[in-house]
Each structure stands twice: as structure tokens, then as C-alpha cells.
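Morning, everyone. Let's have the model up on the screen, please.

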Protein chains: 4
Amino acid sequence: MWQDGLRVYDLAQPMRRGMPQSPNHPPFRMLLERRHGDVVRADGGSAANELIVTGGHVGTHVDALAHVSHDGLLYGGADPADLTTNDGFSSLGIDSFDPYVGRCVLLDVARVHGADFLPPGYEVSVADLEAAAEGVEIRAGDAVLIGTGWSRVWHDPGRFTGQTAGVPGPGVEAGRWLAERRPRVVGGETIAFEHIAPERGHAALPVHRIMLVESGINIVETMRLHELLDAGVHEFLLVLNPLPIVGATGAPVRPLAVLPGERA
Amino acid sequence: MWQDGLRVYDLAQPMRRGMPQSPNHPPFRMLLERRHGDVVRADGGSAANELIVTGGHVGTHVDALAHVSHDGLLYGGADPADLTTNDGFSSLGIDSFDPYVGRCVLLDVARVHGADFLPPGYEVSVADLEAAAEGVEIRAGDAVLIGTGWSRVWHDPGRFTGQTAGVPGPGVEAGRWLAERRPRVVGGETIAFEHIAPERGHAALPVHRIMLVESGINIVETMRLHELLDAGVHEFLLVLNPLPIVGATGAPVRPLAVLPGERA
Amino acid sequence: MWQDGLRVYDLAQPMRRGMPQSPNHPPFRMLLERRHGDVVRADGGSAANELIVTGGHVGTHVDALAHVSHDGLLYGGADPADLTTNDGFSSLGIDSFDPYVGRCVLLDVARVHGADFLPPGYEVSVADLEAAAEGVEIRAGDAVLIGTGWSRVWHDPGRFTGQTAGVPGPGVEAGRWLAERRPRVVGGETIAFEHIAPERGHAALPVHRIMLVESGINIVETMRLHELLDAGVHEFLLVLNPLPIVGATGAPVRPLAVLPGERA
Amino acid sequence: MWQDGLRVYDLAQPMRRGMPQSPNHPPFRMLLERRHGDVVRADGGSAANELIVTGGHVGTHVDALAHVSHDGLLYGGADPADLTTNDGFSSLGIDSFDPYVGRCVLLDVARVHGADFLPPGYEVSVADLEAAAEGVEIRAGDAVLIGTGWSRVWHDPGRFTGQTAGVPGPGVEAGRWLAERRPRVVGGETIAFEHIAPERGHAALPVHRIMLVESGINIVETMRLHELLDAGVHEFLLVLNPLPIVGATGAPVRPLAVLPGERA
């Protein structure tokens, strides 16, 4: 498979203190516990290491089906109380998401609008998705990503999190259109795979309900897609292998796009 | 690339409280912060989430070059003090490891000895590696893994961590033999990619020095390889994409082995 | 009050990585995040600081009434589900424990037996308490502590936590005898204020039930009392002011014994 | 000592997620790990517990001498590198602060100005301190607190942290005046015991230098003093017993003011 070279795109945002993240989740913190020289072995060796505090929905990550319930029920009608333990969810957790290595379609809605990135608060419509999907087939079991260009906004936490101006993303109709195509996973660049209107915050997350609760489709968020968008890539092999944290409602991931041939 | 099907092997151990880990690193902890029903939105939606405390060398993980120094110097002769900040290492951290997607050779030393797994404290020799490598070429830039069968011992933390009985792995000679083949990364199933004699603990880690300090070769540890060993696979596409934690000396990873064709 | 001098005894064990603690609670970890020199201001100033991970029942600490339920009910018949939020308990948490500054009686049961410390697994009886209380009145609203001498064992985590050999403390009868005296708070030196028989672990904690659930009496554990025992002090002013962590089931505390006059 | 009753004032702010704190320190987080019913023992008992993440300078806390260095040196001319380990400071840490139980003088500068609380960015002057100290003697070894009324502002994190409008407190001259009186500890209600001018942030902290580096005087910050200010109390017994976290540069504390007689 590797004989003729592979082009690999790193689709994860770097994880560091102060990166944009939702206020609903524990703030990311990485700090060195031991530095070189703190403990030196007799042979002259020394090791440094760190402690990491994070949430499961921090940085680029995959939402497990256990993440969201609606009217008191999870996907498949499960009662969350039956699955909840002090070690997390006994099923529907991120450890029940098998690593995905397969076809991925990227729908570049920013390009449909001739924009580097969509305006905050823009609702991605069915027409947007149909225009972006022209000439590329979406098959059941694929991964389907929406390009909003918002990974270009990552450096600006206030704007990226959209607490006041909102975040672009699919509304209810676009969400249903996607779910009807039976993808294995959907996702994009924004902090939530939703249309978030200005001044609304995360008051309602209907696309999460459609995907996680009604359809059993996982969501990957806060991806770094602008290199793929710049390269005009619409179809590729996606590797999506979130950390196997048993019982968690989500986990960080470093997704990769893999294409044949050498990278320019 | 995906047209004819892919066989994917998950090479990560599951991450949960109480899993085997080195006492040198912060203990893993995942706990739910919000459960379903704690906060219910007006539309009936509710989200659960978690907080995670971990070290960068916990579970299946990749060691960054910044992890180990010898006689006060890191790889390339860098002085650790020049690279150390309160946000970690300004270079040689795990964020400077480009995701590896490429050829991997698995040297099954357990099979050489006709064992399901090597005894604790066994030193893997050059002869072992040569016997295991018979018929498979090791090329510069490859990933090279040693099969000890110890991912079968994972369920027994006391034995797996080898605090008293030791851990099987390459000694100095085997380490040098590997480094001379100029791999991009080496690794295996054990808690440290080292021969640890009984009652020694982590008193000296010469293979870490050879790889990280002298050769600039990263190490991946605590892999789950027994499914590959059982399948007799010696060559495959390895995906090794540790979390991009800026400045960290290591990071968790969920490595995958990818092979053509459907899995049986 | 301070005119004629005060003798102050520090009744807290020092908090550090590796100190004895129950495996039921998150392990204590303190690590420096910034060291001097990491960030130096223009005026030459530099500050170091740390991150702390702990449980609320780690080191010397006070149990809140919310800590234990029996047959599904908390103190006063409250249903825990009604009080539980993602920010902890809305009542009966440690923040509802008003700091105690008042009379304390120390019942030295080790001295009754002529021992520096009681044997592991020893059950403190009503007769022990009556012998230790001879000549000292226990009044309603007092704090009452039992001296077992086990703060002398603190340096030995395996023995102190008593996972195999047990821990000395009051059994059911001694617990009831204490509760009938209507103290405000009870406690002692051991990891749990209970008689823990050899090989039992924390399988049953009847004194917690008697105090926290049935009587509304808080418990302070893992105290450092041996200096008071050595000094033969049986009555003093106790300051017991756990951190006001809103909604927590317990919190660390540094209790003080205060007596008139200069310390020798 | 307790015969005639004691009035106790709680001088700590409650600790909860979202409370005002400096962005330099790890954000406070308390979350339940086990809830009642997660694990029920055979006898019907169940215990809830939590995990706490915090900094040492979060909420009401005491600064250790190790917290600040100037021109590369700590108090007494110590080189921080000589005292720094991966377990914190081997001396000058908060564990070297003996619990203080003694006389405390509260200088109510807000009352000098006839204000409930001083304006943001106000510099407390020597004249202010002299006016507030009229009629009360400051003795060597006392604790001395400055009343700014800012514990009334605690409910408003944006204002309390003063990132834009500043924080009232002693400037260099007032700091020197205080240090010359040789107190054991100084402190107050604000997030930093400093005058912080508008738009300056924590760019320079000269009073920390005067106290911690030059004079060996500890600082207690973010106290809750407004009940004492309302009661017109200027002299009392202060209990200041920070958690004995070995090697830390600071630790949370729940200080108490104790006065003779019953509280109204």
C-alpha cells in the first residue's frame, strides 16, 4: 500500500493551554512534573514527564453516542441511568467506536460561497450541501465532513468559540439531509457541528440530537481542514482513531487524511 | 485505496482507572463531570461529559525525543534548560513528531522461542532479532516493533509493570542493532521498551538513551500486538498519530495496523 | 485571649505524593507548573506556582454528611438524587459544616492498653472509651477524638491503610456510645474512623452510618494526634475549619489544638 | 478558653467552579467521581466522593516565601534552583509556614474613605494606613490586614480580578511601612495584595517582593473580611492554618477570626 508513496494531512489542531474550547468542558492543562536534572540516575540518565488535565471534548475530538440524550433517552432508547457508572458509560462510550479507516467526502461549503471561511452564525443549508457535493458520490458508511473554513479562525479563541457572534454550521434541515445518507461519522472544523446563531450559545444542539440520539452517527469536531480545502481535495482515506478511553462520552483524536502519491 | 477492503487492527490498550502504568507517571483517571439529567435544556436535550487526568506516558503512547537526556544533554546536544518552559518543551516535544503512516516490520521474538509470551526479565538478543527478521527486510525509515507477547499480560498490572520479576525487552546490543537499521520509530508491548532485570525497576534505561538521545528515534510503548502475532503478520501499514500536545515529552496514541483485504 | 501565650499543636499530616490514602479516592498530586526563571518580568520578578490534584478525603479531612447514604437515604431522610448536581451536593456538603472552634475531648485508648499504638484490627470497645474518659466530662456539642496512636504509623502506607492487617477503631457498640453523647464531631488518627478487621477492607463502614446518616455528626480522619498523646492532653480548644469547597462530600483540613500557656 | 463563649468569623471565600481567580493559576474544578447508588455495599451503604483540581493560589490562600524571586534569588538569598525538585520546594514552601494563631490588626482603609469598598486601581497610601491604625497598636509578630471592602465584589469575577480597571491595594511606600512594623503575615481581600493600576494586569508585584523576598513575611489573599468590617472589629485572634502541602508555593486556607463573647 505504501509502495507508491502516500500524502498525509494532519487534521488535528494542536493542544495547548489557552486553546479555544467550550466553557462547558474542563480547561486543558499540560504541565511538566519532572524536568531534566530533577532526578538523575547513576548512569547519567534523566527523564522529564508531564501531567495532563483535559476534557473528552477538548481540541479535535469524537463525540460518543453516550454524549447526548433527548427527553431522557440515549440512542436506541437506552435509559442513561442504566448505563452510568462511576467509571463512565458501560456502553455507547467512545470505546465502542471502532477506529474508522475508510472513505471520506469533504463538502466544501466555503468554496460554494467563494469564501475563505463562512461568516459566524451562517446556517449551512441543504442547497449548500448539494452544491458542494456536485460530482462526488456520498455512500452509506462514509465519513462526511463539511468545510466551513473555520479552522483558519482557530488562532482567535473569542471568535472561534462564537459565544457572541455565533458559529457557522448545518441547521436542522441540512442535518437531516446528511443523516439520510447514512454516513458512519460526520464532522467539521467548528467547536460544535451545529449552526449557532449570534448570542445563542449552546442553548440548543439539534444536529447532535439528529446524529447521536436519532441516527447513531458519531460526530468529529474542531478539525483542522484548511490544508485539504486549499488543496481542493474532496475524497480521501480518513483515519479516525480516538483514544480508547473506556466509558467516556468523547475523546481527543488526531485524524489523518491519506491520499496516494507524494505530497507537493 | 479502500476499494478492495482493508483489515484494521487496533494496537492500543484500553484506557481506564487501574490499568497498569509506571509509578513514575500520574495515575490515569477519567470521571464524569455531568451526567444526563444534571442539566436539561428547554428542548429536552442533555449532555454528559468528563474530566481526564493522565500522564503523557500512560497507556499506549509515543515517547518524544525530549523525554530523556543523558549527561545533561538531549538529542543533538541540546541543553534541556534552553528548551524547557512552563508550557513544556519548545522543541523536541511530541508535537514535533510528524504522524507516521508507513511500513512497519514486526519482529516476533516470542514465536522464535515458541512461547505465547517471553518470561519476565528475559533479555532480547541480537540473535533473537535476526531470527525473527528472517525473510523480512528492514528498511531505513521503517517502524520496527518487537513482539514479546506481553500485551497478553496487560490484564495483570502487578506482572505487567514488572516491579519485582522484571520485563522482557532488548538489551544494549539488541538496541544498537535496531538503531543501526535507522528506523523512524521502534516499540513494543511492554511498559518500557527495555530489558528490565528482576528487582531492578527502572534504574537504568539504556535503550531509551540509544534511541531518543543518540539516534533521534522515537519509541512507542504498551502496544496491543497479540492479535497481529496470532495472525502471523510481519509487515503492514502502521498509523501512529499521537495526540499533538504541544511541548509534551510523550502522548497517548491509538495506533492502527492496516492491511489489504477483508479481515477474516 | 492571646495575652498569656498559647500552645498550638498542628493536628494535620503533611500532604505529599505517595502519602497513605484510601484507594477509593483520587491520588494526591502536587506539581510545579511554573518554576523561577520560566517567566521573568521586566523588573526582575518571577513567580513559581503549582497544580494540585486531590480527593476531598485525602490526608487529614472532614467528612460531610453527604458522604454516606444508607438504604438510599442521607441524613434526615434526604434522597441523594434530589441534592446531587454536576457541581456537587446542593446541601449536606462540606460547605454546610460551620467551622468548629470549641471544646475537644481526646480519649486515649492506646494509653488504656499501655501501648504506643493499638494493634491493627483491634476493635475499640465501650469499656475502652469509658476507661479513657475517666475524669473528663463529655458534653453535648463537644468534639470527641479517639487516640489509637496510629498517627505514629503514618510513615508506613501499607500498614497505615490496613488493606491486609486491618485498622483499629470503634465498632458498632463504641460508635453508638459516642453518638449518644451528642458530640458535634468525632474522629481520630486512622484512615477510616472504623474498626476494620483483617482482610476486610472497607466492606462495611457502620460507624460512618451511625454518625453521618443516623446522627448528623461529622467525622474527622487521618489526624496527627501523637504529640497530644505524648503530652497527656485530654481537653483542649479544637479548631476544625475544612476548606469551604461548595458541594463536596469532604474537604482537607489542618486542625489545631490550642491550649493556654507557652509550649515547653 | 471557651467557657464564656467565642465569636467566630469565617474569613474564607467559598470555593467553586467559576469563582474569581488569577489566569496565571490552574482553574478550580471540583466534580463528583462517585455518586450515591453507583456502588452499593451488601449492607445498603453507599459513599459519594469527588476529585478536586486546583492551584495553590486559588480562593483564600497563603503565599509561601518560595512563591516569588527577584533578580534570581529567593528570601535569604537562596538560589531557587537549589531548592526546586519535582515534588516542589525543599524549603521555603508553604509547609514551612507554622500555623498562625495570634493577634491580628485589621486596618480598615475603606472606612477611612467612608466607602463600602475602595475604587478599582486605588493606591493605598501610608497616610491611609496611619489613619486606619489610629488607636490600635501594631506589634512585631502580629498579623496585619488591610480592609478594602473588596470581598463585597467577589460575586463579580470580571471586576474582582481587575484585569481592566485594576485592583486597590498598597503601593511600594505603604508596603514598606507595613514591612517595617515586622508583622508575621500581611494580607487582605483582593486577588493580589498589591496596587494594580488600570490596564496593567500583574505586570509588576512590588509588594510581593518587599514581603516575600526582602522581609520573609507571608501574604494571605482573597480573604472575606466584610463581616469584620461591618462589625467594626479591629483587633482579634486570627487562626491561619493553610493546608500543609509539602513543597508548594502556596496553599488554600480557611482563616478564622475569634473574639470573646457570643456573636450577636
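I'll take the chain interfaces, then one arginine, then a strand and a helix.

Ground rules. This is a predicted model: local features need pLDDT of at least 70, side-chain atom pairs count only at pLDDT 80 or more, and totals for chains, interfaces and linings use all residues. Residues are numbered from 1 along each chain as its sequence is written, chains are lettered from A and ligands numbered from 1 in the order in which they are written, and side-chain values use heavy atoms, with hydrogens and water left out.

Start with chains A and B. In chain A, 82 residues are in contact with 82 residues of chain B; contact means heavy atoms within 4.5 Å. Between them about 6,700 Å² is buried, and carbon and sulfur atoms give 62% of that. Buried area here is the accessible area (1.4 Å probe) that two parts lose on being put together, summed over both.

How many salt bridges lie between chain A and chain B? Two. The definition: a side-chain nitrogen of Lys or Arg within 4 Å of a carboxyl oxygen of Asp or Glu. A:Asp87 meets B:Arg17 in a salt bridge, at 3.1 Å, N to O. Strand β4 of chain A (residues 49-55) gives seven residues, the largest share of the side of chain A that touches chain B. Strands and helices are DSSP runs, numbered from the N terminus: strands are E, at least two residues, and helices H or I, at least four.

Pairing needs at least two DSSP bridges between the strands. In β6(B), B:Val68 stands opposite A:Ala47.

Now chains A and C. Nine residues of chain A are in contact with eight of chain C. The buried area is about 900 Å², 45% of it from carbon and sulfur atoms. A:Leu31, A:Glu33 and A:Arg35 supply 61% of the area that chain A buries against chain C, more than any other three residues. Four salt bridges cross this interface. One of them joins C:Arg35 to A:Asp38, with the closest N and O atoms 2.6 Å apart.

Next, a single residue. B:Arg29 lies in strand β2 of chain B (29-34). Is B:Arg29 buried or exposed? Buried, because its relative accessibility is 7%; the cut-offs are under 20% for buried, over 50% for exposed and partly exposed in between, with a 1.4 Å probe and protein chains only. What does B:Arg29 touch? Leaving out residues up to four places away in sequence, its contacts include B:Arg17, C:His25 and D:Leu51. Its side chain also makes a polar contact with the side chain of D:Glu33, at 2.6 Å. A polar contact is a pair of N or O atoms within 3.5 Å; within protein, one must be able to donate a hydrogen and the other to accept it, and residues adjacent in sequence count only if both atoms are side-chain atoms.

On to β17 of chain B (256-260). Four of its five residues are buried, so β17(B) is largely enclosed by the rest of the structure. β1 of chain B (6-10) runs antiparallel to β17(B), with five bridges. There B:Arg7 stands opposite B:Leu259. β15 of chain B (235-240) is also antiparallel to β17(B), with three bridges. B:Leu238 has B:Ala257 as its bridge partner.

Last, helix α5 of chain C (172-180). Its buried residues include C:Trp177 and C:Leu178. The buried residues of α5(C) pack against elements of chain C, among them β9 (100-108) and α6 (206-215). C:Arg182 follows α5(C), with a positive phi near 55°.
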